[in-house]
Amino acid sequence: MTAQAPTRPGQQPERLKGAAKAAALLMALGPDYSAKVLQHLQEHEIEAITVKVATMPRLNEEEVHQVLNEAHEMAVVHRYLAVGGIEYAREMLARAMGLERANALIDRVVTMNPPAPFEFLRKSDPRQMAMFLQNEHPQTIALILSHLPPVQAAAVISHLNEDLQAEVARRIATIDRTPAEIVKRVEEIMRRRMSSLLTQDSRTVGGVPHLVAILSKVDRSTEKHILERLTEVDPMLAEEVRKLMFTFDDLILLDDRSLQRVLREVDMRDLALALKAARDELKEKIFRNMSQRAAELLREEISYLGPVRIRAVEEAQQRIVAIVRRLEEAEEIVISRGEEAILG
């Protein structure tokens, strides 16, 4: 057998590359930790690593040390990046291991996991960001908010003036795919202009679902104003947004008094159809808010239905959702949104 050439410090053994390196790490971690790691991988990745594990010779002490040390270093880089961004990570790592080593590690992590567009804005104060964005073109604001988490985007849009809110909301809902070069260019400009607040491909951002996620986090008055203005400029879009604003599953969010008010308006057969595909938790909440006799009749109605078409279930759920929206508009029920306070 040919002796394996020794490796220099920091040099990876020749056989520990790609999937083999991942396999070596799992072997070094042991079966319990390896099983937890595999739960986060895709099927084809698990298959490739498993093949390597099955065919790899026993690791020597040096190889075990190297793969564990590299995994630890990469985890530290990710942690520093998550806490304070690239420059913060670079500074912390440079203090611990020298600037050259820190730069090499950060470059590897960034190459494998490029930062999301407008990542530098994730920690910015929403009020200050709104002030900076107030005079930007609505399309630019929409592009930026579409790349931010809905909670943060909601806070920003709440601080824009009312006329701008509706226009930005409309543009968020109609954004499709934005070329990488445009996203990058806007990001570079905003980074320069908003420096005090402190490598992408085409990305699908924005759209109606993203707008709905934002509106679900803003206060009720902001949401109502935006929907009213959207109705004026684009009625079909406004209706599409409204359909997604409250789903049948969201009935579980209603307080008991509001749910009981809704149930008084709902046709029993519609309710039975709608509950045919509902979660047990939602069914039980509805049963608890009915009289014992009514709950028994509803259970019987559900059992008598037999097989039903998904389309029929969805239509019944939509009819109930329409009742919820009507009662909320009339202020007869309360739907809790985000962190909105409700006074008793």
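Q: At what angle do helix α16 and helix α17 pack, and how far apart are their axes?

A: Two packed helices are described by the angle between their axes and by the distance between those axes. In this predicted model, helix α16 (residues 280–288) and helix α17 (residues 292–305) pack at an angle of about 140 degrees, and their axes lie 9 Å apart. The two helices α16 and α17 are therefore oblique to each other, since only angles over 145 degrees would count as roughly antiparallel. The crossing of α16 and α17 is right-handed.

Q: Which residues make the contact between α16 and α17?

A: On the α16 side the contact is made by Glu284, Ile286 and Phe287, and on the α17 side by Ala295, Leu298, Arg299 and Ile302. By class, the residues of this contact of α16 with α17 comprise five nonpolar, no polar and two charged.

Q: How many residues of helix α15 are buried, and what covers them?

A: Burial is judged here by relative accessible area, with under 20% counting as buried. Six of the eight residues of helix α15 (residues 268–275) are buried, so α15 is largely enclosed by the rest of the structure. The buried residues of α15 are Asp270, Leu271, Ala272, Leu273, Ala274 and Leu275, and what covers them includes α14 (256–265), α16, α17 and α18 (310–329).

Q: How do the axes of α15 and α18 cross, and is the crossing left-handed or right-handed?

A: The axes of α15 and α18 come within 8 Å and cross at roughly 125 degrees, and the two helices are therefore oblique to each other. The crossing of α15 and α18 is left-handed. Asp270, Leu271, Leu273 and Ala274 in α15 meet Ala312, Val313, Ala316, Gln317, Arg319 and Ile320 in α18. The contact of α15 with α18 divides by class into seven nonpolar, one polar and two charged residues.

Q: Why does Ser258 count as buried, and which residues does Ser258 touch?

A: Ser258 belongs to helix α14, and Ser258 counts as buried because its relative accessibility is 5%. Leaving aside residues up to four places away in sequence, Ser258 touches Ile333 and Val334.

Q: What do the secondary structure and the share of buried residues come to in the protein chain?

A: The secondary structure of the protein chain comes to 18 helices and two strands, and buried residues make up 39% of its 344 residues. The accessible surface of the protein chain comes to about 20500 Å², of which 52% belongs to carbon and sulfur atoms.

Methods. Residues are numbered from 1 along each chain as its sequence is written. This is a predicted model: local features need pLDDT of at least 70, side-chain atom pairs count only at pLDDT 80 or more; totals for chains, interfaces and linings use all residues. Side-chain values use heavy atoms; hydrogens and water are left out. Axes are lines fitted to C-alpha atoms, for helices over the stretch in contact, and angles run from 0 to 180 degrees between N-to-C directions. Helices (H or I, at least four residues) and strands (E, at least two) are DSSP runs, numbered from the N terminus. Angles under 35 degrees count as roughly parallel, over 145 as roughly antiparallel, 65 to 115 as roughly perpendicular and the rest as oblique. A crossing is left-handed if the near helix is turned anticlockwise from the far one by less than a right angle, and right-handed if clockwise. Contact means heavy atoms within 4.5 Å. Ala, Val, Leu, Ile, Met, Phe, Trp, Tyr, Cys and Pro count as nonpolar, Asp, Glu, Lys and Arg as charged, and the others, Gly among them, as polar. Buried means under 20% relative accessible area, exposed over 50%, partly exposed in between (1.4 Å probe, protein chains only). Accessible areas come from the Shrake-Rupley method with a 1.4 Å probe; for residues, only the protein chains shown count as cover.
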